[in-house]
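Here's a friendly walk through one protein model.

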Amino acid sequence: MRIIVSEGPVELADRAASHIAELISTYEGRRVSLGLAGGSTPRATYEQLRNTEVDWTAVDCWLSDERWVPRDDPDSNSRMARLALLDHVPAVFHDIGWRKKRLPQAAAQEYSAKLETIFDEAPDIVLLGMGEDGHTASLFPGTDALEDTSSGYIANFVPGKGWRLTATLGLLNRARHLVFLVAGTGKAGVLSRVLNGEPFPSTLVGRGHSDVTWLVDEAAAAELDPS
Ligand code: 6PG
């Protein structure tokens with residue numbers, strides 16, 4: 001596990017874009033799967049990433065989680081990722097596919113099966129964020145999805161936020177590379193507690209064989225033990 005601290009959000013986006021492009025290039029000669037994080041922090045990284053030297057025709061992009069809303073809803077992670085990156089590069093995007101009257105559980109099951117067709121035994125690179133409550137993807141503290149040990153992708157009801165679809169701990173911990181993007185003072189407290197091993201969903205990700213990198217800015221790193 002490594003922690004790389006950048007000055008501010010702009011430097012973080014630059015650093016993250018080159019880090020991700022470098023990881024993608026290590027899989028030259030075969031298709032690469034790239035799980036995209038949602039929320040607001042990754043947007044600047046995606047905007048930088050579209051200007052990097054990457055053979056996007058060999059990249060399969062998917063969502064590490066999504067809000068159960070129409071794909072053009074302002075809250076949709078799919079929309080954010082398309083506007084910031086996917087509409088600008090020739091990658092294949094495996095979207096979740098919200099439809100009226102469709103059950104989130106059915107969509108999650110179908111997406112889980114679809115993902116296994118793009119993985120070469122395991123996800124290659126998965127980008128993740130972290131909330132101030134220590135959640136990652138849509139694995140929120142105290143929610144059912146944290147108990148799931150068999151599915152790859154699951155629908156998770158989050159009180160106050162509604163239905164979410166999310167990669168499970170099982171799927172995330174199969175990833176070859178996990179890259180967390182975390183910025184801002186609001187995350188400083190929980191980041192130091194997660195890195196100290198306190199019980200948060202983000203602490204449970206990266207406990208397997210994955211290569212784990214935390215890309216953070218100075219504000220988020222403010223409470224980390226310098227040593
Ligand atoms: C989501 C995310 C979620 C996000 C964190 C951090 O759909 O909301 O995938 O896990 O990464 O909530 O969000 P911010 O980057 O907006 O702080």
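## A short tour

At 64% relative accessibility, M1 counts as exposed, because exposed means over 50% relative accessible area, while buried means under 20% and partly exposed is in between (1.4 Å probe, protein chains only). By the way, this is a predicted model: local features need pLDDT of at least 70, side-chain atom pairs count only at pLDDT 80 or more, and totals for chains, interfaces and linings use all residues. Residues are numbered from 1 along each chain as its sequence is written, and side-chain values use heavy atoms, with hydrogens and water left out.

You'll find M1 in the segment before β1 (2-6); helices (H or I, at least four residues) and strands (E, at least two) are DSSP runs numbered from the N terminus. Together with I3 and V5, M1 makes a nonpolar patch on the surface, with about 290 Å² of accessible area in total. Accessible areas come from the Shrake-Rupley method with a 1.4 Å probe, and for residues only the protein chains shown count as cover. Nonpolar side chains (Val, Leu, Ile, Met, Phe, Trp, Tyr) are joined within 5 Å, like charges within 9 Å.

Now for the rings. Phe, Tyr and Trp rings (the six-membered one for Trp) pair if their centres lie within 6.5 Å; planes under 30 degrees apart are stacked, over 60 edge-to-face, and the rest tilted.

| Pair | Centre to centre | Angle between planes | Type |
|---|---|---|---|
| Y111 and Y153 | 4.8 Å | 75 degrees | edge-to-face |
| F180 and W214 | 3.9 Å | 5 degrees | stacked |

Y111 sits in helix α4 (residues 104-118) and Y153 in strand β7 (residues 153-158), so their pair ties together parts 42 residues apart in sequence. Y111 is buried at 1% relative accessible area, and Y153 is buried at 3%. As for the other pair, F180 lies in strand β9 (residues 177-182) and W214 in strand β10, so parts 34 residues apart in sequence are tied together. Both F180 and W214 are buried.

What does helix α6 pack against? Its buried residues pack against β10 (211-217), with contact meaning heavy atoms within 4.5 Å. In α6 (residues 188-195), those buried residues are A188, V190, L191, S192 and V194.

Technical notes: Patches are made of residues with over 30% relative accessible area and no salt bridge: like charges are joined within 9 Å, nonpolar side chains (Val, Leu, Ile, Met, Phe, Trp, Tyr) within 5 Å. A salt bridge is a side-chain nitrogen of Lys or Arg within 4 Å of a carboxyl oxygen of Asp or Glu.
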